[in-house]
Amino acid sequence: MTPPLPRTTAAAAAPALAAAAVVWGGALLFCVSLGFFAYAYLIRFGRPASGTELVQPVAINAALFSMFALHHSVMARSAARARLRQRVPAWLERTLYTWLSSVLFILVCAWWQPVPGLAYRLSWPWSLAGYATQLAGVILTAWGARAIDVLELAGVRPFLAAWRNVPPRPHVPLKTGGLYALVRHPLYLAWVLMVFGAPAMTGTRAAFACVSTLYLIVAIPLEERGLIETFGQEYRRYQQRVRWRMIPGLY
């Protein structure tokens with residue numbers, strides 16, 4: 001079991017308070033990164049870009065997102081997590097991941113290069129369909145966040161367990177009902193709806209939507225290897241029962 005955090009004296013309370021600040025700060029930064037993405041995608045990426053050069057900005061953007069993706073893929077591997085646990089308390093592992101991934105995501109959105117061109121623009125009333133698609137993605141994201149326990153993913157729940165000196169949960173229970181009975185990764189489906197649903201698909205938005213979705217397509221098989229390691233035959237049965245990974249009828 002993870003050693004409890006010291007709370008018995010004023011001197012011992014200082015490290016615990018510092019740990020709480022780091023953990024809750026990571027959760028706050030995670031929210032900030034999502035808010036910054038919303039601003040970048042809706043405002044900055046929606047501005048038409050001048051020029052005709054496509055290769056250079058797209059290449060830079062792909063490299064930026066690869067930086068974020070590499071971190072995510074490495075940290076998702078059980079071997080990397082095991083090495084990290086040898087150096088930091090178990091309750092700090094998820095917080096470190098949250099801090100690093102949030103900072104990298106903010107940098108990706110901040111440094112994303114404008115891409116000229118316009119893939120499509122939906123006029124009224126068809127633009128309503130685009131907004132409705134994006135709204136559906138937001139709703140699915142909120143629903144999925146409730147289902148998988150955001151505090152666990154942000155690293156707060158393991159910290160609270162150590163603070164209260166109670167055994168942490170070994171892992172978040174496998175979700176198979178609701179939208180998880182339609183696709184195995186409904187949060188990724190929500191992402192596709194949000195980034196591709198924009199009524200005005202500028203070149204900058206299109207590059208972000210395509211690069212990020214391509215990463216999800218590549219990452220899902222790697223992620224599911226880890227889920228099989230965690231849940232074993234339970235997840236294999238789930239894979240057999242729910243065929244589609246992210247997009248019903250397509251992938």
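## Helix H9

Helix H9 bends by about 35° at Ala219, shortly before the proline Pro221; the bend at a residue is the angle between axes fitted to the seven residues ending there and the seven starting there. The model is predicted, with local features needing pLDDT of at least 70 and side-chain atom pairs pLDDT 80 or more, while totals for chains, interfaces and linings use all residues. Residues are numbered from 1 along each chain as its sequence is written, and side-chain values use heavy atoms, without hydrogens and water.

H9 comprises 29 residues and spans 41 Å from its first C-alpha to its last, close to the expected 42 Å, which is 1.5 Å times one less than the number of residues. Helices (H or I, at least four residues) and strands (E, at least two) are DSSP runs, numbered from the N terminus. Just after H9, Gly232 adopts a positive phi of about 65°.

## Salt bridge

The count is 1 salt bridge, defined as a side-chain nitrogen of Lys or Arg within 4 Å of a carboxyl oxygen of Asp or Glu. Glu224 and Arg184 form a salt bridge at 2.8 Å, N to O. The two residues are 40 apart, with Glu224 in H9 (residues 203-231) and Arg184 in the loop between helix H7 (156-163) and helix H8 (186-196). Both Glu224 and Arg184 are buried (under 20% relative accessible area, 1.4 Å probe, protein chains only).

## Cis peptide bond

The peptide bond from Trp124 to Pro125 is cis, with omega near 5°. Pro125 belongs to the loop between strand E1 (118-121) and helix H5 (126-148).

Methods: Buried < 20%, exposed > 50% of the residue type's maximum accessible area, 1.4 Å probe, protein only.
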